[in-house]
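Here's a quick briefing on the chain below. Have a look at the model first, then read on.

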Amino acid sequence: LVFLLIAGGCALLICLGIAFFFSREFTRPLVSMAALADRMSELDFSTQYTGKGRRESDEVEQLGQSLNRLSAYLEQAIGELKESNDQLAQEVREKERIDNMRREFIVNVSHELKTPLQGIIGSAELLESGMVKEEDVPRFVGHIRDEAQRLVTLIGDIIRLSQLDEGV
């Protein structure tokens with residue numbers, strides 16, 4: 001009876017060892033694929049699943065090959081997204097640069113338009129208030145005409161720039 005118990009215990013231990021060995025062999029590809037999926041989730045597509053010479057019809061092998069295709073597709077898609085993102089960022093920078101140039105242009109144009117207007121207003125106020133001697137009136141009127149002509153020229157330049165910008 002003792003012999004049978006010892007033999008049965010040894011047989012049980014041997015069976016458990018063999019079962020553990022085979023279960024590890026069967027789950028090893030799945031563990032490898034899980035590690036591959038973890039690396040893919042970290043955007044590392046450098047590793048690929050390599051089977052152990054299993055049959056091509058094996059479901060585990062098919063799953064591994066599907067992971068490899070998924071990895072290649074994701075790597076390509078992420079590369080294209082990064083390229084598109086870089087191009088979009090460059091376009092945004094260019095638009096910001098153009099917007100800054102437009103703002104500067106508007107500030108400069110408003111200053112250039114205000115200068116002759118201030119001259120016209122100042123001369124007209126002096127004439128209106130009667131503070132100008134009769135002999136100086138033609139000079140003030142000439143100044144008003146010159147400044148008005150300067151405004152017309154500036155406005156014409158702005159219209160031409162606007163037409164160039166629109167491609168007319």
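The buried residues of helix 3 pack against helix 2 (59-129), where helices are DSSP runs of H or I with at least four residues, strands are E runs of at least two, and both are numbered from the N terminus. Buried here means under 20% relative accessible area, exposed means over 50%, and partly exposed is in between (1.4 Å probe, protein chains only). This is a predicted model, so to speak of local features takes pLDDT of at least 70 and side-chain atom pairs count only at pLDDT 80 or more, while totals for chains, interfaces and linings use all residues. Residues are numbered from 1 along each chain as its sequence is written, and side-chain values use heavy atoms, with hydrogens and water left out.

**Overall layout**

- The protein chain has three helices and zero strands, and from the N terminus on its elements run α-α-α.
- The radius of gyration is 43 Å, well over the 15 Å that the globule rule gives for 168 residues, so the chain is more spread out than a compact globule. That radius is taken over C-alpha atoms, and the globule rule is 2.2 Å times the number of residues to the power 0.38.
- Along the principal axes, the C-alpha atoms fill a box of roughly 145 × 35 × 15 Å.
- Of the 168 residues, 15% count as buried.
- Take the contacts (heavy atoms within 4.5 Å) between residues at least 6 apart in sequence: 57% of them join residues at least 24 apart.

**Surface and charge**

- The chain exposes about 13,400 Å², and carbon and sulfur atoms supply 62% of it. Accessible areas come from the Shrake-Rupley method with a 1.4 Å probe, and for residues only the protein chains shown count as cover.
- There are 19 positive and 28 negative side chains, and the centres of the two sets lie 6 Å apart. Lys and Arg count as positive and Asp and Glu as negative, with His and the chain ends not counted; each charge is placed at NZ of Lys, CZ of Arg, CG of Asp or CD of Glu.

- L16 sits in helix 1 and counts as exposed, at 52% relative accessibility.
- L16 and M101 are 85 residues apart along the chain, and their C-alpha atoms are separated by 79 Å.
- L43 belongs to the loop between helix 1 and helix 2, and is exposed with a relative accessible area of 52%.
- The backbone at L43 is worth a look: phi is near 65 degrees, a positive value in a residue other than glycine. Most residues other than glycine have a negative phi.

**Helix 2**

- The 71 residues of helix 2 should span 105 Å at 1.5 Å a residue, and the end C-alpha atoms are 101 Å apart, which agrees. The expected span of a helix is 1.5 Å times one less than its number of residues.
- Its buried residues include V60, E61, G64, P116, I120 and S123, and the buried set packs against helix 1 (2-41) and helix 3.
- S123, in helix 2, is buried at 5% relative accessibility. Not counting residues up to four places away in sequence, S123 touches F140, H143 and I144.
- G122, also placed in helix 2, is partly exposed, with a relative accessible area of 27%.
- G122 and L74 are 48 residues apart along the chain, with their C-alpha atoms separated by 71 Å.
- After helix 2 comes G130, whose phi is positive, near 80 degrees.

**Helix 3**

- Helix 3 (residues 137-166) has 30 residues that should span 44 Å at 1.5 Å a residue; its end C-alpha atoms are 43 Å apart, which agrees.
- The buried residues of helix 3 are F140, G142, E147, L151, L154 and G156.
- E147 lies in helix 3 and counts as buried at 12% relative accessibility. Leaving aside neighbours within four places in sequence, E147 is in contact with T115, P116 and I120.
- T153, in helix 3, counts as partly exposed at 40% relative accessibility.
- T153 and E91 are 62 residues apart along the chain, and their C-alpha atoms are separated by 35 Å.
- Just after helix 3, G167 takes a positive phi of about 85 degrees.
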